[in-house]
Amino acid sequence: MAGKKKCAKPKSREDSTIPEKEAGVVADAALATPSKSPAAPAIPGSPLLPGNFEGAPTKNSSSSYLTGSDPDISGDGTEVIKTDGYLEDHRDYFGWRYAHFKRWVRDIELSEGGIEKYSRGYESFGLHVTAEGVRYREWAPGAREASLVGDFNGWDVAANPMKRNDYGVWEVVVPNTDAGEVAIAHGSHIKVTFVAGSGERIYRLPAWSTYVTQDLSKSPVYEAVFYNPPNKYRFKHKRQTPAKDLRIYEAHVGISSPEGRVATFGEFTRNVLPMISDLGYNAVQLMAVMEHAYYASFGYQVTSFFAPSSRYGEPDDLRELIDTAHGLGISVFLDVVHSHACNNVEDGLNQYDGTDHCYFHEGARGRHELWNSRLFNYGHHEVTRFLLSNLRYWIEEFGFDGFRFDGVTSMMYKHHGIAYGFSGHYNEYFTGNTDEEAVVYLMLANYMCHKLYPGFVTIAEDVSGMPALCRSVSEGGVGFDYRLTMSVPDMWIKLLKESRDEDWSMEQIAHQLTNRRYQERAITYCESHDQALVGDKTLAFWLMDKEMYTNMSDATELTPTIERGMALHKMIRLVTCGLGGEGYMTFEGNEFGHPEWLDFPREGNGSSFHYARRQFNLVHDEMLRYKYLYRFDRAMMRLEQQHAWLSAHDQWVTLKHEGDKVLAFERGGLLWIFNFHPANSYSDYRVGVAWAGKYTVALSTDDPQFMGQGRIDTSVAHFSTPLEWNGRPNFVQVYIPARTAIVLRHED
């Protein structure tokens, strides 16, 4: 069916981030600084007002009015300029944007009683069991008539008509039976039917459905199910406050089995969560949870925003998964798709009330030309209620601890990043290209999450490098905690595809890994689900390719290709985790070098599940070499757990030697030394260090337990010499073999 598959993201994937030096933090003097932007043009017209309130929107713009009851947002939104002088030319823009945000907050206070109540729409909209019966409410302003139909009333459109209020909200109560029982049976099918403005009768799934199912033997169209189990799951553990040093395991429940089928929430709970815990990751990021009609869309064509995908089980099965993760000390993040919605009509939000513009902008502005999907009207009061309530629902009803917002670049710009290459010039961010309604919605979402749930984590998938994206809303930023460093995996793939090992630039690697905005945290990774998709290759496959089919057994020859691939796989992951950001992420299976690629069952591959699975069994086969990479990843995560370098503030790149292919840096009280040279090993190699005293080996990629050659004696201690080297007051001398990395622990 058309419009269900998400197309590839825009090709311009450079993070145009601007490095700035802070004493002791990402202090690499070679990093570039931006050219100053010319003064931005004045913003035309008067500030936009959020419209379509339940009641007239206010036009009061006084600062005392806008501050409202929250002193945390009493500023003018220009605090961010103090630490980024290049924003000075855009001071008026930041003041205007912040006033727009505060006007939303204040008007919500007056019309709804505050954002806490406003974002609880899931408690009043949709279907709810009350003492009198099942109450159903739906917003459909373009409809002339509405009624609730289903198995419970024989699909009789006249049996349960709905009444409309002045704001386009329809309501009905289905009374209990004479015996006092709920009239709609748990598990029965339901729909809402409207008479559109044209006079046509249309049928839709309730927009706030919490459980929808698909029977492909009958139709690809989803059916809404009344979900009212007699014994709802009861949580045993409280929500987690995510760690400051995030080690994220990105996962897709459906592919989390070696078998060629859709795996379940229950199987993930029993089989995958213990492995994540064993590896040492402290957060799991779940993809494709929000219901999506087309499995091959990877979950990015959402049809029912409040329903966990029934492919994997019932909502209570997801609750048990999250509760079990919390019991293991693992935070759980949801991949949120608020950047667009599936184009489907019968089981989606498109043309919901018979109009083109119920939840979305009408016309071209409401359509994404690459993804063939619909774009939300973030400036509408009821649409914003729907989206903010969606976030609250996943937190309150399931216990999620954080969100990864997908497609943030598409949201923030009118061009959606399509055929647009960001250069880092500040006028690209703060003039006519920006979709201010979407940016302010993101500010509201972050404000709400952090205000109501202190410690909650939000992550932005953004390729544009927008300044202040990850600064707090109170300072005038968009409010995310982290952005994804999407250019880092691109760098690794480009090196492997286009450069010989001996041509790798230590300067380029160090620059790309440290090129992030001052005071804005980043989640870094070597590869995510994007790199695993069909049409691309994982790092392991780029490194070892067809020999993964023939030479990954200990009983087979250790070929130069496999030896190189195993060595670089470890080094790439270690340097990325050590130098690349304030959080680290892997995609499931890639930590042990999962072979092949990821491809969901679709018409083009004969609906095969062969590549839509994760072969965790490879790790447990003692004859195979995958176990070595698994062990190394576990050792790396355990070392981070001990030293928490991801949240440390002492990062310093000390050496980038192009001839020797040696890169060294300090972080988290550790000294990191990488020899990327394919052939040269170095004895008594000098590396400058800040700290005097004794050093011991904390981790070596050359350790035999990781399929190294055992050339590093991990029992040998190293002692510093008090002479300046590499701009540091001391140096140590080490043996560093070719294609090897060592991490030294300062003992004093």
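**Close-up views of a predicted model**

Among the contacts in the protein chain that join residues at least 6 apart in sequence, 74% are between residues at least 24 apart. The model shown in these views is predicted.

**Figure 1. Overall dimensions and make-up of the protein chain.** The secondary structure of the chain comprises 16 helices and 29 strands. Its radius of gyration is 27 Å, close to the 27 Å that the globule rule gives for 748 residues, so the chain is as compact as a globular protein of that length. Taken along the principal axes, the C-alpha atoms fill a box of roughly 85 × 60 × 45 Å. Buried residues account for 61% of the 748 residues, while the chain exposes about 26700 Å², of which carbon and sulfur atoms supply 49%.

Figure 2. In soluble globular proteins, nonpolar side chains tend to be buried together. The largest nonpolar core here has 188 residues, and L286, Y359, F403 and W492 are those with the most contacts inside it. Helix α9, which spans residues 436-452, gives the most to this core, contributing 11 residues.

**Figure 3. The surroundings of Y359.** When neighbours within four places in sequence are left aside, Y359 is in contact with E138, W139, A207, W208, L349, Y352, F376, N377, V383 and F386. Y359 is also one of the residues with the most contacts inside the largest nonpolar core.

Figure 4. Of the 6 residues of β24 (residues 670-675), 6 are buried, so the strand is largely enclosed by the rest of the structure. In a regular strand the side chains alternate between the two faces of the sheet. In β24, L670, W672 and F674 point one way, whereas L671, I673 and N675 point the other way, and all of them are buried. Strand β23 (residues 662-667) pairs with β24 in the antiparallel sense over 6 bridges, with F665 standing opposite W672. The hairpin formed by β23 and β24 has 2 residues between the strands, and G668 there takes a positive phi near 65°. Strand β29 (residues 740-746) likewise pairs with β24 in the antiparallel sense over 6 bridges, and T740 in β29 is the bridge partner of N675.

Figure 5. The structure holds 51 salt bridges, among them the pair formed by R638 and D278, whose closest N and O atoms are 3.8 Å apart. R638 lies in helix α16 (residues 626-643) and D278 in helix α4 (residues 265-279), so the pair ties together parts that are 360 residues apart in sequence. R638 is partly exposed, with a relative accessible area of 33%, and D278 is partly exposed at 28% relative accessibility.

Figure 6. D554 forms a salt bridge with R625, the closest N and O atoms being 3.4 Å apart. This pair links distant parts of the chain, with D554 in the loop between α13 and α14 and R625 in the loop between α15 and α16, 71 residues apart. D554 is partly exposed, with a relative accessible area of 32%, whereas R625 is buried, with a relative accessible area of 4%. The side chains of K661 and E658 also meet in a salt bridge, at 3.9 Å from N to O; K661 is buried, with a relative accessible area of 8%, and E658 is partly exposed, with a relative accessible area of 32%. A network of salt bridges links E116, R120, E123, R392 and E396.

Methods. Residues numbered from 1 in each chain as written. Predicted model: local features only at pLDDT ≥ 70, side-chain atom pairs only at ≥ 80, totals over all residues. Heavy atoms only, no water. Buried < 20%, exposed > 50% of the residue type's maximum accessible area, 1.4 Å probe, protein only. Helix = DSSP H or I, 4+ residues; strand = E, 2+ residues; numbered from the N terminus. Pairing = 2+ DSSP bridges. Core = buried A, V, L, I, M, F, W, Y, C linked by side-chain atoms within 4.5 Å. Contact = heavy atoms within 4.5 Å. Rg over C-alpha atoms; globule rule 2.2 N^0.38 Å. Areas by Shrake-Rupley, 256 points an atom, 1.4 Å probe, with all protein chains shown as cover. Salt bridge = Lys/Arg side-chain N within 4 Å of Asp/Glu carboxyl O.
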